[in-house]
Amino acid sequence: MRPTARQKNKRIVKNVQEHHGLILKILSVIVLVTFVVNLVTPDKTYSANENRGLAQRPHFSLASFKDGSLFSDYASYYSDQFMLRDLWMSLSFTANYLRGVREFSNVFVGKNHYLLGSPETPDEKALQQTVQAMNSFADIYPDIHTSAMVVPDSASILGDKLPGSAVIRNQLSDIDQISAGLGASISWINVVDALKSHASEEIYYHTDHHWTSAGAYEAFRKAADVMGIDLGNVGYKFYTVSNSFQGTLSSKSGDHRYSDSIHVAEPTGIDVSYIVNYPDLQKRSPSVFVSEQLEEKDQYTVFFGGNHPVVEIQTTANNDRNLLIFKDSYANSFVQFLTPFFSRIVLIDPRYYYDDVSAAINTYSITDILFLYSADTLVKDTALADTLNTAM
Amino acid sequence: MTFSSLLFLFLFMPVFLLLYHLVPGRVKMPVLLVLSFVFYAWGSPRNLILLVLSILFNYAAGLQIDAFIQMGRESMVRISTILTVAVDLAVLCFFKYVTGTLPIGISFYTFSVLSYIFDVYRENARAETSPLYMAVYVAFFPKVISGPIVRFCDFQEQLDNLRFSRSDLLVGLNMFLQGLFKKILIADTLGKAFGNVTSLSTMAGGTAWLGMIFYSLQLYFDFSGYSDMAIGLSRMMGFRFDKNFNYPYLSANISEFWRRWHISLGAWFRNYVYIPMGGNRCSSLMQARNLLTVWVLTGIWHGSTLNFLVWGLYHGFFVLLEKFVIKDRLEAVPVIVRILITDFLAFIGWVFFFSPSLGGAIHYLGQMVCMDGIGFWNQTTSFILKENLLLLIAAVLLCTPFVKNMHDHLAFRRGGVFRAVSVGIYVLLFFLCVAELVSATYTSFLYFKF
């Protein structure tokens, strides 16, 4: 017997009631569990994934009540301390990735687990002033051998790793423009071709915006020609010091699926020792590596412990060649290859350096200068021009 | 506070529903009012002062008008009504067109109090003697910020006959959840896609078209999702309000579009402006005047810049065209074609709506016809389309009743395993909403300097 229309209707009503009723029950349980868990778990102060302090319970004040900041502070406190925060975040990342999104906060999620940042758009005026300052500076010191290296970011070299039809700014032509703007007194180190020909190797981190020691090494071999370094019998042995590095691109995109390895290099075939002096920390160290930094979130700071206004390296090379490097953090993993070839290496990071640079050149009896920047920094930088102009 | 926030979903809403349903009947309205004030004041307590002043002023004015009606002093009735409306509109216009910083929800709650004054004036409703009920009508938290604009006479009727059953709670929750999914999973993600388009300094024609489509769909899912949540919340307390959207992108002409888009606003203008002016029971010329008045008002209600006026007139133009020129001459055209034409016109209209200025809108329309000089299609267009293709397909499908009918057929008519799967999908979608809300606050602190 076929069910009558009335029986059918009754069944539909029953189905609706039970469907909606079950959802109400499940959601009630979720809300209750969330309430209890949020209540009993102690507040966290720091998120490793986001590398920032988490909002804490705001204190009531009449002023914050009146201007409404109390409410927004409480909302951020509530969401920052929401249970399983990291898990929700990866659920969101996964859902969006599955539906086809490949760009998260200006970071492309590419092939082979590569995260690739978008190249920076130059600040034309600032860049012009920087190039001009570099030229004038090199002209004041004709006896010092000056060279320059501008390193492209990973997306510009590993374009085949970009997802689908992603479009990025052509940073290589930005670099060409910089090189064309530099005068004859600065020797140009063309690292683009050197990096391109090794694009299939691990020359950039997957999860960080820096190059790896392998990438820096390829650039170093190119630089050696231009800077008059005779490699002779010197070789390098690479050691893996970490397999758990998740860098800036990982934090920015929210993609924490992959971890990088960090390698460091030791020269072989030559017996040169050195000492590193950090004037800002009033500290000395027998190594350019700071292994404690591998316990920190930003493991790239294993090189020199991060950026400092000035770092001095005194070596036993004893060849009267004293090198001054104006640099950003890309240089931090580059210097490990230079130690056998200079008596003294001085790193100046203009973003934190406020002294007169001509005095430094005299004090350290500088014979060689290297500008080593990532294109992403240099095209927007104003600090280098400011520092160089102190000498003029 | 907004419905689509962790605080609302996990604290305010559960606490409110528990309180509302646990307290005895006569305490329900005070609870509703207090929590409505909390909801409204959340974030900017100062705005609450204006809301309360507006409630008190209109409460007193309503009683006064009613008193004059009882006394039969018609001219005083008229004068006091005009004065009250003038004050309400002056306050709204002051914030909208002079200061430029709008107290949240003022466009909506001003239309609520005006509805009250008009209904009392026209004796469609009793003047409210209880300040509590008056306040509940205006500050009712599901609708105070973004509508729907419920007419006072309808609200009063609901209040008089408020009954609540378990099935109201269940049906309301279901509507609320569907609205939440529309808002967070569809509208907000479309919003990101639209943001990606507008952040481009130059764009190919196709990219601009995609942007317009993203925005048009976003606006629909955002607003209708919010309305569904509001209506669902009201239903959970026993209030039944009409739907605010009825698949507007399936309309075959612009007049029909406006009977299916933001229905409560259209009804407000029809009841309180168009019909009192004579509606369509007058000469064609007067009808055209009435229609144009409504469209100018609709335009400037949405925003204070010139582009909103143009947008209102743009729609008014097509409504007039349909009414007086086209009439039923397009009946022979297949309905799908007429729907596509209507959507095309509505979408172009949204360009005026989302642009910051009239010049901005014209610039954007220029970009749609490749005025940026980089052709109609480039790699960026492909990338944006590819990233959002699934979302776009889902959004277009959800503009029709297809998914809902399919779901209801399977889950309720067939039942069994389909019903269980549907429950699973609801829970999964709820989890995805929470994930989006949590990750919206994801900010990696870019400590690492290069």
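1. A quick definition before anything else: the domain bounds used here come from an automatic or database domain assignment. Keep in mind, too, that this is a predicted model. For chain B, the assignment gives domain 1 as 6-162, domain 2 as 168-383 and domain 3 as 401-450. The C-alpha centres of domain 1 and domain 2 of chain B are 27 Å apart.

2. On to how those two domains of chain B touch. Domain 1 of chain B puts 20 residues into the contact, and domain 2 of chain B puts in 20 residues. On the domain 1 side, at least two residues each come from helices H1 (6-22), H4 (74-99), H5 (106-121) and H7 (141-144) of chain B. H5(B) gives the most to that side, with five residues.

3. Now over to chain A, and strand E10 (residues 274-278). E10(A) pairs with strand E12 (residues 310-315) of chain A in the antiparallel sense, over four bridges. Within this pairing, A:Val276 has A:Ile313 of E12(A) as its bridge partner.

4. E10(A) also pairs with strand E11 (residues 283-285) of chain A, again antiparallel, over three bridges. Here A:Tyr278 sits opposite A:Lys283 of E11(A).

Conventions:
Residues are numbered from 1 along each chain as its sequence is written. Chains are lettered from A and ligands numbered from 1 in the order in which they are written. This is a predicted model: local features need pLDDT of at least 70, side-chain atom pairs count only at pLDDT 80 or more; totals for chains, interfaces and linings use all residues. Two residues are in contact if their C-beta atoms, placed from the backbone, lie within 7 Å. Two strands pair if DSSP finds at least two bridges between them.
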